[in-house]
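Subject: Structure handover

Hello,

Here is the structure for you to look through. My notes follow below it.

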Amino acid sequence: MLIKLSGGTVYDPANGVSGEVRDIYVEDGRIIAAPSPETRIDKTYDLKGRVVMAGAIDPHTHIGGGKMTIARMLLPEDHIKDEVARTDLTRAGTGHAVPSTLLTGYRYAEMGYTACFEPAMLPANARQAHMEMGDTPMVDKGAFAMLGSDDFFLRQLAAKEDFKAIKDYVAWTMHASQAIAVKVVNPGGISAFKFNQRKLDLDEEHSYYHVTPRQIILTLARALQDLGVTHPLHIHGCNLGVPGNVETTLDTIRAAEGVPIHLTHIQFHSYGTEGDRHFSSGAARIAEALNKAPNISVDVGQVMFGQTCTASGDSMRQYAISRSAHPKKPVVMDIECDAGCGVVPMRYRDKSFVNALQWAIGLETFLLFDDPWRMFLTTDHPNGAPFYTYPHLIRLLMDKSFRNDILQKINPDAAAASTLKALTREYTLDEIAIMTRAGPARSLGLKDRGHLGVGANADITVYKDDPNREAMFATPELVFKNGELIVKKGKVVKVVNGATHVARPEYDRAIEKPLKDYFDRFHTMRMANFKLSDDEIVDRGRGGLIVQPTRPRAA
Ligand SMILES: [Zn+2]
Ligand SMILES: [Zn+2]
């Protein structure tokens, strides 16, 4: 089947194409070069006046794993309230802040997204995370294994074990849990919480292991760099949400010593202590530091107003915010020797000084940072807001007067404390395409995703060029996945399953000897059962497995 997408206005920043009218040809799920004129075209879509981009990629969205299940069970009202009120779903789906797996897949596809990455998979919980992602149709997926508060690694670090053994363990974990990348959450802090520490700053010692978050970050970041994993260490830093944490974040930027790292939901890590309420924006200082640090990429974790549910591996910080839970039913727990988790329902109010300033800080970050290749559009779903607020967020970035209208309605003290009104930048379609497609694809090492060049996977989104960018991005006219039409006028017309992306860096199997002893002594599970097989991922044909090449650095 040869398909022609005719005469659309193409935004494909990875290939230097910015708003050019072009034809795109698709065959066998891939984009091909223009065939000879006599070739028979099976189907032509006339895209005159339409905006064409690659399928969007969300590099940080919590869509699978234990904490999402807890959140769904914790909030039955979230699944009864018919905010969705839709009768035309191809299969059942409910939920607002924490939609069911099916609805998650549909709503992402209906917004033109074709790939989503779960950033906080506990290795001990990998089986469940992959089963839930397998149950999420329409989109490709992948997961980041959480390390850094697990006892095996902390023992290695405390015992000053040689770096090779640490790298072997990191690579082994990626294989065992079928991960594409590695994330560290509150480095060492989740473990320290189990030893009754209630905070752990970058250079503070873990009371039992006597190692610091700085050591943990540098060790893991270097390990991934040596192993040749494309996505750098994904860091949820120390002191999330703590006023004054801007200093910790600036220290973390310096602590990387030029090694590539990704700082996630940076909005939650950009808080100062100025003003009467001792809560202020650190966005300008962070943006200034980031603009000068080409080794660092970030995603924002924008806060949007309304009911949501925070869900994080950071049990230390989730415990601290559990007092602000709305409704009042937080869950905080320890998990195996791996980490912990906290699920805290949250309602962000535009009349609250703190919430309104959080909203403004996220937007300031977007508008002050000058390289969209290193900044990705996220709400840290569902922590800052559910993912389907993205079209509204895009309009806030692209439309200054719309932004200023909303600024008028938020808590006036927060509005006055923010520089947002003075920021006149409006994002271009090119920059949106970089931030939501080309940038995440490059960062995650997805060579044939996020662009529209010859050979790319035919994940393509077609929009009406509506000056109301929220309407435009909420309801794409057409979405193709692997060359198949899956969404028409914002509604799913065909249910497909995406692939799971993994990376498998090389390692020395000798690491399994100490690991087996460790599992036998401390874990509730044997080492052999800890590992996920390929069949568990592709079970019942629910999408394939794509192994990304890794290029280890010479020792
Ligand atoms: Zn996080
Ligand atoms: Zn997150």
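Aromatics come first. A search of the whole structure turns up 19 aromatic pairs. Here rings of Phe, Tyr and Trp (its six-membered ring) pair if their centres lie within 6.5 Å; planes under 30 degrees apart count as stacked, over 60 as edge-to-face and the rest as tilted. One cluster is made up of Phe152, Tyr169, Trp172, Tyr518, Phe519, Phe522 and Phe530.

A word on the source. This is a predicted model, in which local features need pLDDT of at least 70 and side-chain atom pairs count only at pLDDT 80 or more, while totals for chains, interfaces and linings use all residues. Residues are numbered from 1 along each chain as its sequence is written, chains are lettered from A and ligands numbered from 1 in the order in which they are written, and side-chain values use heavy atoms, with hydrogens and water left out.

Two arginines sit over rings. A charge counts as over a ring if NZ of Lys or CZ of Arg is within 6 Å of the ring centre and within 35 degrees of the ring normal. The charged end of Arg107 lies over the ring of Tyr388, 4.3 Å from its centre. For Arg395 the ring is that of Phe402, and the distance to its centre is 3.9 Å.

Now the metals. Donors are N, O and S atoms within 2.8 Å of the metal (3.2 Å for Na, K and Ca); water is not among the atoms, so sites may look incomplete. His236 (ND1) and His265 (NE2) coordinate the zinc ion (ligand 1) at 2.2 Å. They link distant parts of the chain, 29 residues apart: His236 is in strand β10 (residues 233-236), and His265 is in the loop between β11 (261-263) and β12 (271-272). Helices (H or I, at least four residues) and strands (E, at least two) are DSSP runs, numbered from the N terminus. His236 counts as buried because its relative accessibility is 2%. His265 is also buried, at 2%. Buried means under 20% relative accessible area, exposed over 50%, partly exposed in between (1.4 Å probe, protein chains only).

The zinc ion (ligand 2) lies 3.4 Å from the zinc ion (ligand 1). Its protein donors are His60 (NE2), His62 (NE2) and Asp380 (OD), 2.0 to 2.1 Å away. Their spacing in sequence is H-x1-H-x317-D. His62 is buried, with a relative accessible area of 3%. Asp380 is buried too, at 3%.

Next, strand β1 (residues 2-12). Of its 11 residues, 11 are buried, so β1 is largely enclosed by the rest of the structure. Strands pair if DSSP finds at least two bridges between them. β1 runs antiparallel to strand β2 (residues 17-27), over nine bridges. There, Tyr11 has Ser18 as its bridge partner. Four residues lie between the strands of this hairpin, and Gly16 takes a positive phi near 70°. β1 also pairs in the parallel sense with strand β4 (residues 43-46), over four bridges. With strand β5 (residues 50-54) the pairing is parallel over two bridges.

Last, an open sheet of three strands. Its order is β15-β17-β16, with antiparallel pairing. β15 (306-312) and β16 (331-335) are the edge strands, each pairing on one side only. Seven bridges join β15 to β17 (residues 339-348). Thr308 has Met346 in β17 as its bridge partner.

Best wishes
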